[in-house]
Amino acid sequence: MRDKRRSDGGKVPKIRKGERALSTDTTVQDTIRASFERLTPSERQLAQALTSHYPMSALGSITTIAQQAGVSTPTVVRMVRKLGFKGFPDFQARIHEELETTLSTPIAKHDRWANDAPDAHVLNRFAEATIANLRETLSGIRTSDFDHARDLLKDLRNHVYIVGGRITKSVAEYLFTHCQVIRPNVTLIAPTPSTWPHYALNMKAGDVLVIFDIRRYEREIETLNRIAAERGMHTILFTDRWKSPVTKTATVVFRVETEVPSAWDSSVVMLFVVEALIEALQSSAWKTTRDRMKDLEGLLETSQLFRKPRV
């Protein structure tokens, strides 16, 4: 029987019995969670300890990690091998790679892409990366989660708050502008943490907080989410493959691929998901949306904001 081949012509590496192939597109935390059902009770105890405060919980020595999880060091060795790693050093090396990628500055990110850049024109390279990002993102979004997010935004009994980070604030403002037309009681939270307590004064149980938070995750956003969670709010999070700390308490999480041949992360696919959500929201509440659109058009006519076409 012929060997299976990768696209580069090399043989697919063999995986030992009990191990699984590791994908560079998933984090170690994802791998642990995906493998949870096939772990032994002691390995599950270790897995819970590692994922509870990931990645810091996985950065100590093998002895420290075992002690903190209340298991033996052989249990640690067995579990990391079961996850597909060659051993504990290989396990921690992957985590350090994740941290390096997560904390990359724009300069470091640019240099990494520049070193590996193919000879094709930047338009082609960027397009290929974006299309790959779109496919990967869509494969990870469950329609039930998407519909849940739509229903949370549609519920007129609750107020919707939207906030973005240093880069993603433009996407947050885009969502806010459209939500204003679709429904009442929508607030764009200013990107100034010192003013956030004033917004929190009006937050109540059942309200919705939409957060955009990609790497280098912002501490203030995590604090705002904690306040919202304490008040019984729902959180819809847009983040990247490495996952904002907000993921732990978010109601719905959209993990979006952002890597492109650039010093900056891309918002293209994130905007795609946002626009799809806007369409789903306005279609599901079309009667209200149509009435508000008519009212808005009248107001725009009164303000003479737009030029009238020449007859």
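**Figure 1. T168 and the backbone of G165.** In this predicted model, a polar atom in the side chain of T168 sits 2.8 Å from the backbone nitrogen of G165. To find T168, look in the loop that runs between β1 (160-163) and α9. With a relative accessible area of 2%, T168 is buried, because buried means under 20%. Which residues does T168 touch, if those up to four places away in sequence are not counted? They are F212, D213, I214 and M270.

**Figure 2. Helices α9 and α12 side by side.** Here you can follow helix α9, which covers residues 169-182, and helix α12, which covers residues 268-284. Their axes are 11 Å apart and the packing angle is about 10°. Are the two helices roughly parallel or roughly antiparallel to each other? They are roughly parallel, because angles under 35 degrees count that way. On the α9 side, the meeting residues are V171, Y174, L175, H178, C179 and I182. On the α12 side, they are M270, L271, V274, E275, I278, L281 and Q282. Sorted by class, this contact has 10 nonpolar, two polar and one charged residues.

Figure 3. S267 belongs to the loop between β5 (252-255) and α12. Its relative accessibility is 22%, so S267 counts as partly exposed. Now look for I167: although 100 residues separate S267 and I167 along the chain, their C-alpha atoms are 8.9 Å apart.

**Figure 4. T137 inside helix α7.** Helix α7 spans residues 122-140, and T137 is part of it. Is T137 buried or exposed? T137 counts as buried, because its relative accessibility is 1%. Leaving out residues up to four places away in sequence, T137 touches R255, V256, E257, V269 and V273.

**Figure 5. T27 and its partners.** T27 lies in the segment before α1 (28-34). The side chains of T27 and D30 are joined by a polar contact of 3.1 Å. Apart from neighbours within four places in sequence, T27 is in contact with E98, R241, W242 and R255. At 5% relative accessibility, T27 counts as buried.

**Figure 6. Backbone details to look out for.** Most residues other than glycine have a negative phi, and most peptide bonds are trans. What is the form of the peptide bond from R215 to R216? This bond is cis, with omega near -15°, and R216 is in the loop between β3 (208-212) and α11 (219-230). Next comes N185, a residue other than glycine with a positive phi near 60°. N185 sits in the loop between α9 and β2 (186-188), and its relative accessible area of 43% makes N185 partly exposed. K243 is found in the loop between β4 (234-239) and β5, where K243 is buried, with a relative accessible area of 11%.

**Figure 7. Stepping back to the whole protein.** The protein has 311 residues, and 41% of them count as buried. Its secondary structure includes 13 helices and five strands. Among contacts between residues at least 6 apart in sequence, 70% join residues at least 24 apart. The protein exposes about 18,200 Å², and carbon and sulfur atoms supply 54% of that area.

Terms used: Residues numbered from 1 in each chain as written. Predicted model: local features only at pLDDT ≥ 70, side-chain atom pairs only at ≥ 80, totals over all residues. Heavy atoms only, no water. Helix = DSSP H or I, 4+ residues; strand = E, 2+ residues; numbered from the N terminus. Buried < 20%, exposed > 50% of the residue type's maximum accessible area, 1.4 Å probe, protein only. Axes fitted to C-alpha atoms, helices over the stretch in contact; angles between N-to-C directions. Parallel < 35°, antiparallel > 145°, perpendicular 65-115°, else oblique. Contact = heavy atoms within 4.5 Å. Nonpolar A, V, L, I, M, F, W, Y, C, P; charged D, E, K, R; others polar. Polar contact = N/O pair within 3.5 Å; in protein donor to acceptor, adjacent residues only side chain to side chain. Areas by Shrake-Rupley, 256 points an atom, 1.4 Å probe, with all protein chains shown as cover.
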